[in-house]
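Please open the structure in a viewer and keep the sequence at hand.

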Amino acid sequence: MKNFKKIRPGLSDAQNMDGMLWINKPKFFGNFLINWKRYHTVDYNLFYMNIRENVAERVEAYLEVSKGQ
């Protein structure tokens, strides 16, 4: 879960429930060996592509606003 060269879509999901982010156990080969209750230590790994997409959207929105000023 630390190799950023491999992208695995659908590894995990996420739901916002009352301001808390909940995820299901990530699906990958050997996940039955992992018995974690908290995934905060690997959250960046799990949602790396989502974070990149979010940053791109924010930059685009900022640049659009900046053009109008």
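A pocket, on a 1 Å grid over the protein atoms alone, is an open set of points where a 1.4 Å probe fits, with protein on both sides within 12 Å along at least five of seven lines; lining residues have an atom within 4 Å of a point. Grid points are joined across faces, edges and corners, and a volume is the space filled by probe spheres set on the points. The model is predicted: local features need pLDDT of at least 70 and side-chain atom pairs count only at pLDDT 80 or more, while totals for chains, interfaces and linings use all residues. Residues are numbered from 1 along each chain as its sequence is written, and side-chain values use heavy atoms, with hydrogens and water left out.

**First stop: a pocket**

Select Met-20, Leu-21, Trp-22, Ile-23, Lys-37, Arg-38, Tyr-39, His-40, Asp-43, Leu-46 and Phe-47, which line the second largest pocket. The volume of this pocket is about 340 Å³. Two or more residues of its lining come from each of strand S2 (20-22) and helix H1 (43-46). Here helices (H or I, at least four residues) and strands (E, at least two) are DSSP runs, numbered from the N terminus. Which element gives the most to the lining? Strand S2 does, with 3 residues. By type, the lining comprises 7 nonpolar, 1 polar and 3 charged residues, where Ala, Val, Leu, Ile, Met, Phe, Trp, Tyr, Cys and Pro count as nonpolar, Asp, Glu, Lys and Arg as charged, and the others, Gly among them, as polar.

Move to Asp-18, in the loop between strand S1 (15-17) and S2. Asp-18 is not a glycine, yet it has a positive phi of about 55 degrees. Most residues other than glycine have a negative phi. Asp-18 counts as exposed because its relative accessibility is 85%; exposed means over 50% relative accessible area, buried under 20%, and partly exposed in between (1.4 Å probe, protein chains only).

Next select Tyr-44, Ile-51, Val-55, Val-59, Tyr-62 and Leu-63, which make a nonpolar surface patch of about 570 Å². Such a patch joins nonpolar side chains (Val, Leu, Ile, Met, Phe, Trp, Tyr) within 5 Å, from residues with over 30% relative accessible area and no salt bridge. Areas come from the Shrake-Rupley method with a 1.4 Å probe, and for residues only the protein chains shown count as cover. Helix H2 (residues 48-67) supplies the largest share, 5 residues. Tyr-44 is placed in helix H1, and it is partly exposed because its relative accessibility is 43%.

How many salt bridges does a search of the whole structure find? It finds 1, a salt bridge being a side-chain nitrogen of Lys or Arg within 4 Å of a carboxyl oxygen of Asp or Glu. Select Glu-64 and Lys-67, whose closest N and O atoms are 3.5 Å apart. Both lie in helix H2, 3 residues apart, about one turn of the helix. Glu-64 is partly exposed, at 48% relative accessible area, whereas Lys-67 is exposed, at 63%.

**Last stop: after H2**

Finally, select Gln-69 in the segment after H2. Its relative accessible area is 77%, so Gln-69 is exposed. Gln-69 and Asn-16 are 53 residues apart in sequence, and 35 Å lie between them in space, C-alpha to C-alpha.

Technical notes: Patch = residues over 30% accessible without salt bridge, like charges linked within 9 Å, V, L, I, M, F, W, Y side chains within 5 Å.
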